[in-house]
Amino acid sequence: MSDLTFEQMLEESFKTIHNGEVVEGTVIDVKPDEIILNIGYKADGIISRSEYTNEPNVDLTTIVSVGDSMTAKVLKVNDGEGQVLLTYKRLAAEKGNERLREAFENKEVLKAPVTQILGGGLSVVVEEARVFIPASLVSDTYEKDLSKYQGQEIEFVISEFNPRRNRIIGDRRQLLVAEKAEKQKEIFANLHAGDTVEGVVKNITDFGAFIDLGGVDGLLHISEMSWGRVDNPKKLFHVGETVKVLVKDVHDTKIALSLKFPETNPWLHAAEDYAVGNVVTGEVARMTDFGAFVELVPGVDALLHVSQISRAHVEKPADVLKVGQEITAKVVDLNEEEKKISLSMKALEPAAEEAKEEVAEAE
């Protein structure tokens, strides 16, 4: 008969375990902040909330149920109270690290939710393994506020893998850059001079507006915004506005846009509208010492020479005219090829003899 006591025989019937060992267990009790496992050892195993998940304040009773089987890693065989401290998340993180290593080596695109917004970037978790995405690698454009990414599922690649130094770096930026490049390539392949396209005003400067055509930007120069003169693009457009534009030219990665659609060219019917002898009205746009330039319609200016302002002597246009004044005159010359029109107000005034006769008749 054995000399062992009952207690000794009972103790020997249990397996032995060591720190760092992976054990299997069955959940025998769950509290909001800890899980108790039967691991076939003389003492039960305990997994605290912080050793189960990185998510703070989670209620473990909503995740784990009595009877569930679990695999965990031994942190300490005896915590001082006769219990075995276990970790679930660290074992999962080790498996997750192996998953990340494979993704790093294969340049695989991963997808995971953002679990935390940090001062210098984002933290995501892949199978309990943390990945840090620096702010500079979150987007292809500078973003001051990263809070919008909280809880959002994002795609990224592992650009640096060094778990020993706790450096597992994710990169979302290179995916966005590659995606944009592919989209740009597709757009350029299908974009030709003469096309009419729709875009959104992205930025406005003194010299023009940049239009987003769905992944590439085109420049709508101030000289192409109207057939007439444009002094300030910001008075015509606002950021976010949708516009329909004409592709004027595509050269390498540069796109020139225009709002001067051929069918709206004001010179199309110039031969009829501004035939010699026609009487027209217009607005004085600017003046020089030799005459005034009159805008008949946007894009069509005509010269009213100082000698054609009046039958009376006029030293300089500014003596009798002012910018913005509406005048009526007769077309005395039209050169369609050079887009030049000459006007005369004098031609509409009665001759000196006629004026005298009108005065005499009035008396």
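In this structure, which is a predicted model, K340 and E338 form a salt bridge whose closest N and O atoms lie 3.4 Å apart; a salt bridge here is a side-chain nitrogen of Lys or Arg within 4 Å of a carboxyl oxygen of Asp or Glu. E338 is partly exposed at 48% relative accessibility, where buried means under 20% relative accessible area, exposed over 50% and partly exposed in between (1.4 Å probe, protein chains only). Residues are numbered from 1 along each chain as its sequence is written, and side-chain values use heavy atoms, with hydrogens and water left out. Local features need pLDDT of at least 70 and side-chain atom pairs count only at pLDDT 80 or more, whereas totals for chains, interfaces and linings use all residues.

**Salt bridges**

- The structure contains 16 salt bridges.
- Side chains of opposite charge can pair when their charged atoms come close.
- K148 and E143 are joined through their side chains at 2.8 Å, N to O; K148 is exposed, at 54% relative accessible area, while E143 is buried, at 18%.
- K248 meets E224 in a salt bridge, with 2.7 Å between the closest N and O atoms.
- This pair links distant parts of the chain, 24 residues apart: K248 belongs to strand β14 (residues 242-251), and E224 to the loop between β13 (217-221) and β14.
- K248 is partly exposed at 46% relative accessibility, whereas E224 is buried at 12%.
- A network of salt bridges links R229, R286, E295 and D301.

**Strands and their pairing**

- Helices (H or I, at least four residues) and strands (E, at least two) are DSSP runs, numbered from the N terminus, and two strands pair if DSSP finds at least two bridges between them.
- Strand β16 (residues 279-287) pairs with strand β19 (residues 326-335) in the antiparallel sense over 5 bridges, and G282 has I327 in β19 as its bridge partner.
- β19 also runs antiparallel to strand β20 (residues 340-344), to which 5 bridges join it; K330 stands opposite S344 in β20.
- The hairpin formed by β19 and β20 has 4 residues between the strands, and K339 in the turn has a positive phi of about 55°.

**Annotated domains**

- An unreviewed UniProt entry lists "domain: S1 motif" at residues 20-89, 107-173, 194-260 and 277-346; positions follow the numbering used here, feature names are shortened, and annotations may be inferred rather than shown by experiment.
- Residues 107-173 are 1% helix and 54% strand, with the end C-alpha atoms 14 Å apart.
- Residues 194-260 are 0% helix and 51% strand, and their end C-alpha atoms are 11 Å apart.
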